[in-house]
Amino acid sequence: ILSAKKNPWYSILVNLGIMTVDGVWLEKLEMHDDKILELHGVAVNYTSLAAFIKQFESASQIFPNGPVLISSGQNGKADGMINFQMRLTL
């Protein structure tokens, strides 16, 4: 349940929607310690992933600590998609 810990999910989801770029899809969101938002997703290539990360870097008023890319790499399938994990501090 998104509202279980009183996190501002509406604002978080609206801002994530604003940050979207072509070729990047979010698959999972996890909240840790009520302050750290972890994003898991896929990108068609590293160029798209870099554009996605840049969106968060330019939104310092919302995410003052910027994004931290935890991991990224090809998923091992024939589609060549890039799996990634990113962390944001709220």
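Two strands count as paired here if DSSP finds at least two bridges between them. Helices (H or I, at least four residues) and strands (E, at least two) are themselves DSSP runs, numbered from the N terminus. Keep in mind that this is a predicted model, where local features need pLDDT of at least 70, side-chain atom pairs count only at pLDDT 80 or more, and totals for chains, interfaces and linings use all residues. Residues are numbered from 1 along each chain as its sequence is written, and side-chain values use heavy atoms, with hydrogens and water left out.

Let's start with β3 and β4. Strand β4 covers residues 82-89 and runs antiparallel to β3, with seven bridges joining the two. Within β4, F84 stands opposite S72.

Now zoom out to the sheet. It is open, with four strands in the order β1-β2-β4-β3 and antiparallel pairing. At the edges sit β1 (24-32) and β3 (67-74), each pairing on one side only. From one strand to the next, the twist averages 15°. Helix α1 packs on this sheet, where it touches β1 and β2 (36-43), and its direction makes about 155° with that of β1. Contact means heavy atoms within 4.5 Å, while axes are lines fitted to C-alpha atoms (for helices, over the stretch in contact), with angles running from 0 to 180 degrees between N-to-C directions.

Together, Y10, V14 and I18 make a nonpolar surface patch of about 350 Å². Patches take residues with over 30% relative accessible area and no salt bridge, joining like charges within 9 Å and nonpolar side chains (Val, Leu, Ile, Met, Phe, Trp, Tyr) within 5 Å.

Over in helix α2 (residues 46-57) you'll find S48, which counts as buried because its relative accessibility is 10%. Leaving aside residues up to four places away in sequence, S48 touches V21, D22, G23 and V24.

V24 and S71, by comparison, are 47 residues apart in sequence and 15 Å apart in space, C-alpha to C-alpha.

Note on methods. Areas by Shrake-Rupley, 256 points an atom, 1.4 Å probe, with all protein chains shown as cover. Salt bridge = Lys/Arg side-chain N within 4 Å of Asp/Glu carboxyl O. Buried < 20%, exposed > 50% of the residue type's maximum accessible area, 1.4 Å probe, protein only.
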